[in-house]
Amino acid sequence: VIAAYRDTDTSTVRQESSILMGKTFYVVNGDLGLGGVNYTKPELERIIARHGGRKVQNYKPGVVDYVVAAHMDVKVRNLIKMNVDILNYDYVWESIDSGQLQHKKPMHLMFCSDETRRELELTMDRYGDHYFEPIASIQDMQKLLAQVDDEAAGALPQALVEAVHTELINAGPGEPPATGPVGPTAGDGGGRGPLGTIPSMSAWGVGTFGADASLLNAVM
């Protein structure tokens, strides 16, 4: 077995929380060590074990709850052919930081299965902005805005752009912006996610989600 894909001994890892308890993860790969913050596959598996999760070395339908990866490789591409959700490992960190397992959002997904796509289309737009729940913090607002491509951003009314800019300047760290959901509208696009450049949602198989409608409250 290639070193990068070997099993990790987590028997001596001390459990610190039960956030991931009862969930089984398949970590396909880790970072390539090309600079910045890097997590190897063994490190990610130890983090999962530290918070109560279980890790396996192969994908088994009905056994594996979450497939996690840091980059695209042959194994990830084979899983995509099986129509399996592939999550960026940021999903694990967000769950740990929030103290509970998070719902999957477009920003978490390297690839989205047909089933998950249908579920997401009912509750949020293509950027992960929920139709019925307020944005929780200024950091979440910034993540959402970072994914809006130039073409979509150029179509926004100037008054909306100025209002959102004001919100980002005035809101303190961790404070929610004074915007809320108003329902979906038409739109399409891609952009940047928390781990760098990501393909458009259409490339993921997610299809067309609504535009980031919750921001409209900024000018209403």
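The model is predicted: local features need pLDDT of at least 70, side-chain atom pairs count only at pLDDT 80 or more, and totals for chains, interfaces and linings use all residues. Residues are numbered from 1 along each chain as its sequence is written, and side-chain values use heavy atoms, with hydrogens and water left out.

**View 1. Helix α1 and its cover.** Helices (H or I, at least four residues) and strands (E, at least two) are DSSP runs, numbered from the N terminus. Helix α1 spans residues 41-50, and its buried residues include Leu44, Ile47 and Ile48. Buried means under 20% relative accessible area, exposed over 50%, and partly exposed in between (1.4 Å probe, protein chains only). Among the elements covering these residues are β1, β2 and α3.

**View 2. Phe25 in strand β1.** Phe25 lies in β1 and is buried, with a relative accessible area of 0%. Its contacts (heavy atoms within 4.5 Å) include Ile48, Lys55 and Val92, not counting residues up to four places away in sequence.

**View 3. The salt bridge of Lys55 and Asp7.** A salt bridge is a side-chain nitrogen of Lys or Arg within 4 Å of a carboxyl oxygen of Asp or Glu. The closest N and O atoms of Lys55 and Asp7 are 2.4 Å apart. Lys55 is in strand β2 and Asp7 in the segment before β1, 48 residues apart. Lys55 is buried at 17%, whereas Asp7 is exposed at 52%.

View 4. Arg117 and Glu121 pair at 3.5 Å, N to O. Both lie in α4, four residues apart, about one turn of the helix.
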